[in-house]
There are 2 protein chains.
Amino acid sequence: MTWNTTNLDELPVYEKLAKLARNPFDLTAPGAISPERIKTYKSSGSGFDLLFSTQRIDDAVINGLQQLADQSGALDQFHAMKGGAVMNRIDGHESEERQVLHTACRDIFNETPCHVVATGQAMQELEKLKAFLAGLDKGQLVNEQGEAYTDYVNIGIGGSDLGPRAIYFALAAYSLKNRRVHFISNVDPDDAAAVLRKLDLSRTLVGVVSKSGSTLETLTNEEIVRAAFVGAGLNPAKHFIAITGQSSPMDNPEKYLQSFYMYDYIGGRYSATSMVGAVMLGFGLGYDAFIEVLRGANDMDMAAEERDIRRNPALLLALLGIWNHNFLGHETVAVLPYSQALLRFPAHLQQCDMESNGKSVTRNGEKVSGFTGPIVWGEPGTNGQHAFYQLLHQGTTVVPTEFIGFRQSQLGSDLLLKGTTSQEKLVANLLAQSLALATGRKDDNPNRFFGGNRPSSILLSDKLTPYTMGGLLALYEAKIVFQGFIWNINSFDQEGVQLGKVLANRFLEHLNILRQAGGKDSEQYPESWAMLEAAGIFKEE
Amino acid sequence: MTWNTTNLDELPVYEKLAKLARNPFDLTAPGAISPERIKTYKSSGSGFDLLFSTQRIDDAVINGLQQLADQSGALDQFHAMKGGAVMNRIDGHESEERQVLHTACRDIFNETPCHVVATGQAMQELEKLKAFLAGLDKGQLVNEQGEAYTDYVNIGIGGSDLGPRAIYFALAAYSLKNRRVHFISNVDPDDAAAVLRKLDLSRTLVGVVSKSGSTLETLTNEEIVRAAFVGAGLNPAKHFIAITGQSSPMDNPEKYLQSFYMYDYIGGRYSATSMVGAVMLGFGLGYDAFIEVLRGANDMDMAAEERDIRRNPALLLALLGIWNHNFLGHETVAVLPYSQALLRFPAHLQQCDMESNGKSVTRNGEKVSGFTGPIVWGEPGTNGQHAFYQLLHQGTTVVPTEFIGFRQSQLGSDLLLKGTTSQEKLVANLLAQSLALATGRKDDNPNRFFGGNRPSSILLSDKLTPYTMGGLLALYEAKIVFQGFIWNINSFDQEGVQLGKVLANRFLEHLNILRQAGGKDSEQYPESWAMLEAAGIFKEE
């Protein structure tokens, strides 16, 4: 199977957009953001509305962006990806050569899934999970004393931590009674120690998540936690669950209560809807809630195949990002959820987006000529308004912003104060920030002058539920892969993390030598020995 | 009192540095990062070492940066600030016209403090706090049932939340037994609801933090929490503490158990060592631990007055930031602590740095000609290595990086695995990343090629304790004000947050009208009405 691998700047529409970008729409002109514009600059799909009247675009740019989507073949590639094309590759060079099938995990609601084998494997694991969770619910699966498990520790890092953790925090309002979830990720020993000291291990399950079964941090933390179980007189094999690749070193019934499988066609950062997220979320929120996450994600996966960008918020968000990044030259994008529950969602996106698209080589193995993935960062509003928004409004760097909001709160407990509820105050602030960034304000006092023309979008849904969380996750996954397709890069590998691993192992060998020989005994790699010395890790006599 | 208000590009050394920046030191050249360089490119002060051999600088640049420090009068200004100069001002325009005296809060160890009145006020509040905490410890201050208070809820936003929260998380390993602290900040009603549902209110104290006593989010959350106390049959006046300005609307003994005062010469984002942090940290960690935070901060405040940049890590960090931002053109800076306990420290810095230096007007009221504050972001390592480091190594945007590390763990519980401890693995990864970013690696496979020349610094101390946390906080505060002095901007106001507030109030008025009249009844501000409609907050018939 082949697909479009034309570079962005070689697409016919590129010059047109570059020309339009020389004189972008002025959001500060009187009446520029008209009621008509506000109501019509809107893209809706699968329960989400994307409001984009506060972007520096006009109808000509919108048409250009639609052409960009069409000419890049982004949708065909998305469809090919869902169908099992080997898209994790670099032509002419050694690369991972894998399919990209995270969408198959949630393609379980259709009679004819896009990829029958992968969805079949997903359903098989879901059945295992359903039985496992039913055992917990019915009191068949209990600890040595016959008590129910109340706590679950997720040991994983990167994609085995960030996405699942973001979703758990987002949906903690829907937790099952007497079920708590904790996370250990960092090799910093204080991370595990801080979690362990607040747990009753006898009532705790531990999910260890590593596809290869060989991730340094995860194995190290697993050993620390196993030692704590042994120290408490408990048998880890009765408490530990493996979430790993079939026949990995961790797929071992002697060491684990049960194994749940993940497959090499799902990258870590796209794995939250596989067993990586499923087991932990199933424990904390229940099986049905997790299925709702999948339903929301699947509905968005389908909406993302819509050609018209006014009906495809994921695609439009991708295109607006490219407009701001490649054509208007802004290096970063802030994702600002007006929902405290989404506080770790930006950290998930930092991985999903920056690890996917922080690349310098095209899928043809050539150096890319323009910008690829932006720097993604953000914190929840309104908190951020009292933190870094000063720079967003009056700094010397323009930061395109993606606001995320909901019309209703999760818990529904609210208070009318000065004529409005807290939820209304929250949404009012979101809308106000978008408008303020766009329009700016003239003032004779130069320190109170706002230049405006700072672009933003607003992504809105009714309420943060398992279903909409699934949709939001899938929307951003789709945004990211669309951008990768348009930049003609491989969004599915991560060769850039290898060099650090190699050098870390060299430092660890040095430390091993120091421990065994009591001092430096090699002249190889003088610079890493010097770093250890300069850092005060050892003193050369 | 007057001080240097020359713009950066008008300082004599500017052209020299600009010229040097055209051909910056090549970190990828064979032998460029020599053992000699690694050991000598180091600045040490107050228990912290700053290693900077992996910056794109040579001796000529270092000399230039020392000249930049000297010519800008950064140290004189720092000294003037500590002495009570009215540095929060814009010449010739209406501005806050305030002193900047956060350092006075910790200048309590010297016989002759820099500013006698402010330090006297700080000591008075500390005495009040000491007595208050002793009452808790000795069982004199108890709840209605005679039980000890076990939980404390901090209600505040921005500086009344981020800095104190970051410090509490950083030092949670040193918590007093049976004392837990919780935070409510966001106007999102789910934030308060999620905290409230896990508390036994009868044993909970609530600290409400607002200098003006009028912060929308904080007052709203206070009302929600008060209502919960009343609903539980408890009298809020026995549980609530005010941390506020003297004679603010919150300074009211009928509504609060006690008031602790903050003063207008301390900006919110610099207030963590005032009563804003003190009351909460004193409850959670004890009075003595908080005094250690102050001692560490004060020692760093003194070290920051050292002229020689090789003995002043705060000043050098500021200068390296300006080198990377203004001379090499990098828009962001990543702060990456290799310590899970520092997980919220970058969020504090986002406020402290971006709200201070995200400005476009000089202290003379002119538009600045170059870049001011960068975008600050980051997450703990090694977690980040499995997330966004792909972009740091191979992305199309260069991100200067500030690593933070410690030689020992906090809790000391560690495990030797494959010849090294977890703490050693953590530090080895930190050093390896710095080296990898700098040197890069050649490879015939273009996708495995690392361009290198990505600058970083490493800030190291022995262990994250109350003392070093105070030092780290003060180091970054000093870094930020040094940069502001060199950019010739006012780092102490935040006019950029005003427009959003005005527009948010307009939206809230609209919502109020909708609630009372049941529909839109005004044609004023058609664009904000249109936004409410487009957002689906109401449908016009």
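The legends below accompany close-up views of a predicted model.

**View 1. The two chains are arranged about a rotation axis.** Chain A can be laid on chain B by a turn of 180 degrees and a shift of 0.0 Å along the axis, with an RMSD of 0.0 Å, and the two copies are thus related as by a two-fold rotation axis. The same surface serves both copies, in that 100% of the contact residues of chain A recur in chain B. Among the residues of chain A, A:Trp377 comes closest to the rotation axis, its C-alpha lying at 3.3 Å.

**View 2. The contact between chain A and chain B draws on residues of both chains.** Chain A contributes 126 residues to this contact and chain B contributes 127 residues. On the side of chain A that touches chain B, helix α14 (residues 422-439) of chain A gives the most, with 13 residues. The residues on that side of chain A divide into 59 nonpolar, 43 polar and 24 charged.

**View 3. Chain A is assigned three stretches or groups of stretches as domains.** The domain assignment gives domain 1 of chain A as 8-97 + 305-409 + 419-491, domain 2 as 107-295 and domain 3 as 496-534. Between domain 1 of chain A and domain 3 of chain A, the C-alpha centres lie 42 Å apart.

**View 4. An open sheet of five strands in chain A has parallel pairing.** The strand order in chain A is β4-β3-β5-β6-β7, and the edge strands are β4 (180-184) and β7 (258-262) of chain A, each of which pairs on one side only. From one strand to the next, the twist averages 20 degrees. Strand β6 (residues 240-245) of chain A runs parallel to β7(A) and is joined to β7(A) by five bridges; A:Ile241 has A:Gln258 in β7(A) as its bridge partner. Helix α9 (residues 275-285) of chain A lies across β3 (151-155), β4, β5 (204-210), β6 and β7 of chain A, and runs at about 135 degrees to β7(A).

**View 5. Strand β10 (residues 401-406) of chain A is largely enclosed by the rest of the structure.** Six of the six residues of β10(A) are buried, so the strand is largely enclosed. A:Thr401, A:Phe403 and A:Gly405 point one way from β10(A), whereas A:Glu402, A:Ile404 and A:Phe406 point the other way, and all are buried. Strand β8 (residues 332-337) of chain A runs parallel to β10(A) and is joined to β10(A) by four bridges, with A:Val335 standing opposite A:Glu402 in β10(A). Strand β11 (residues 456-461) of chain A also pairs with β10(A) in the parallel sense, over six bridges, and the bridge partner of A:Ile404 in β11(A) is A:Leu459.

Definitions and conventions:
Residues numbered from 1 in each chain as written. Chains lettered and ligands numbered in written order. Predicted model: local features only at pLDDT ≥ 70, side-chain atom pairs only at ≥ 80, totals over all residues. Least-squares fit on C-alpha atoms with pLDDT ≥ 70 in both. Contact = placed C-beta atoms within 7 Å. Domains from an automatic or database assignment. Pairing = 2+ DSSP bridges. Helix = DSSP H or I, 4+ residues; strand = E, 2+ residues; numbered from the N terminus. Axes fitted to C-alpha atoms, helices over the stretch in contact; angles between N-to-C directions. Nonpolar A, V, L, I, M, F, W, Y, C, P; charged D, E, K, R; others polar. Buried ≥ 20, exposed ≤ 12 C-beta atoms within 10 Å, placed from the backbone.
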